[in-house]
Amino acid sequence: MGGDKIKKDRRQKREDYRRAIRQDGVSELPRKKFYRQRAHANPFSDHQLIYPPHPDQMDWSSLFPDYVVHEEPQQPQQQPNPSAAAPSSPGTDLAPFQPKRLSKDVEIADIGCGFGGLLVALAPTLPDTLMLGLEIRVSVTQFVEDRIQALRTQARRAAETPSDSSPPPAPGMYRNVGVLRANAMKFLPNFFRKGQLSKIFICFPDPHFKARKHKQRIVSATLNSEYAYVLRPGGIVYTITDVPDLHEWMVRHFEAHPSFERVSEEEQESDPSVAIMRTETEEGKKVERNKGQKHVALFRRLEDPEW
C-alpha cells in the first residue's frame, strides 16, 4: 500500500508541474524529471494513436501557426436542380475535411526524436525550413511540446526587450519546429507525401539486441522503402548510434536497397547537420560523458530509374 501511495504522489506531482508551467504561456523550460517514462516502447503495440488517412488531410496549423495561409472562406455551391438530386444517406452531405493550408511543407523528420535536442539545435540553423519530431512515448512528446513552446516564448520576450550586450534573437525563432506523437514504423506515409522530405534523422535508435527483436529495428528492407517514398531524390537519411552491430545493420540494409547510396565520408564530415547530430542529442551527450564511440552513416536517395 505504501508503494502505491508513493507512485500516486509522484504522478500527481508530475501532473501539477506540467499544469503549472503552462499557466504562464510555457515560458519556463521543462525539467525532464517530471516527464520520465520507459526508455523504449513496443512499436507493434496498439498505442491508440491519431493519424490522418492521407497526408492532404493532415492539419499542421496547431504545430506551425505562423505558417498558416489565411484564405477567404468559400461559399458552398448549390445544387442546380435540388429536386433531381439523388436521395442521400445520413452523413453523405457533409463536406470533406479541409485542413488549414501552410505556406510551406514540412521538409525534415526526426524519427524517434526523444527529448528534442536535435530539433531545437537544428531549428535556428535552418530558420526557413519546417521540421518535425516523431516520438511514440506520451510523456516524452509532452516534454518536447512544452520545450518548444517555452523556447518560442523566451525568444519573443527577448526580442521585445533586447539587451545591450547581445543582439536580440529573431522573435519567430523556433516557430519552424514541431513534434507529434506517432509511430513512424506504421504511419509515416500517412503524414508525408511522396518526395516531400529532404532529410530524415535516425539518431541512437533502440538497438533491440536479441535476434527475435530485430524485426522491431527502425531500419529494415521494408521501412527503407517507406523512407525512399517520402524522401525526394537527393534527400539524405542521417543515422548515428553507439552500437557497432546496429551501425553495421543499418549500413548493410541501406546499401542493399536500390533507392539509396552511401554518402562519402568527406561529404559526410562537411555536412553541418552531422556535427549537430553528434553533439546535441541527449543520447549523444550521454555517449560523450561515457567516452563512447559514435558511428555515423549517411545515405542519399537516388533518382527513380526510368522503367
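**Annotated sites and nonpolar cores**

N183 sits in the loop that runs between strand 3 (177–181) and helix 4 (184–191). In this predicted model, N183 has a relative accessible area of 4%, so it falls under the 20% cut-off and counts as buried. A polar atom of the N183 side chain lies 3.1 Å from the backbone nitrogen of M185.

N183 is also one of the residues that UniProt, in an unreviewed entry, lists under "binding site"; the others in that annotation are G112, E135, I136, A184, C203, T281, E282 and E283. I136, for its part, is found in the loop between strand 2 (130–135) and helix 3 (138–160). With 15% relative accessibility, I136 is buried as well, because the cut-off is 20%.

As for packing, the largest nonpolar core counts 42 residues, and W60, L134, F192, I200 and Y227 have the most contacts inside it. Two or more residues each come from strand 1 (106–111), strand 2, helix 4, strand 4, helix 5, strand 5 (231–241), helix 6 (244–256) and strand 7 (295–301). Take I200: setting aside neighbours within four places in sequence, its contacts are A109, I111, Y227, V230, L231, I236, V237 and Y238. There is also a second, separate core, made up of 32 residues, with V120, M131, V179 and F204 among them.

Methods. Residues numbered from 1 in each chain as written. Predicted model: local features only at pLDDT ≥ 70, side-chain atom pairs only at ≥ 80, totals over all residues. Heavy atoms only, no water. UniProt positions renumbered as here; feature names shortened; annotations may be inferred. Helix = DSSP H or I, 4+ residues; strand = E, 2+ residues; numbered from the N terminus. Buried < 20%, exposed > 50% of the residue type's maximum accessible area, 1.4 Å probe, protein only. Polar contact = N/O pair within 3.5 Å; in protein donor to acceptor, adjacent residues only side chain to side chain. Core = buried A, V, L, I, M, F, W, Y, C linked by side-chain atoms within 4.5 Å. Contact = heavy atoms within 4.5 Å.
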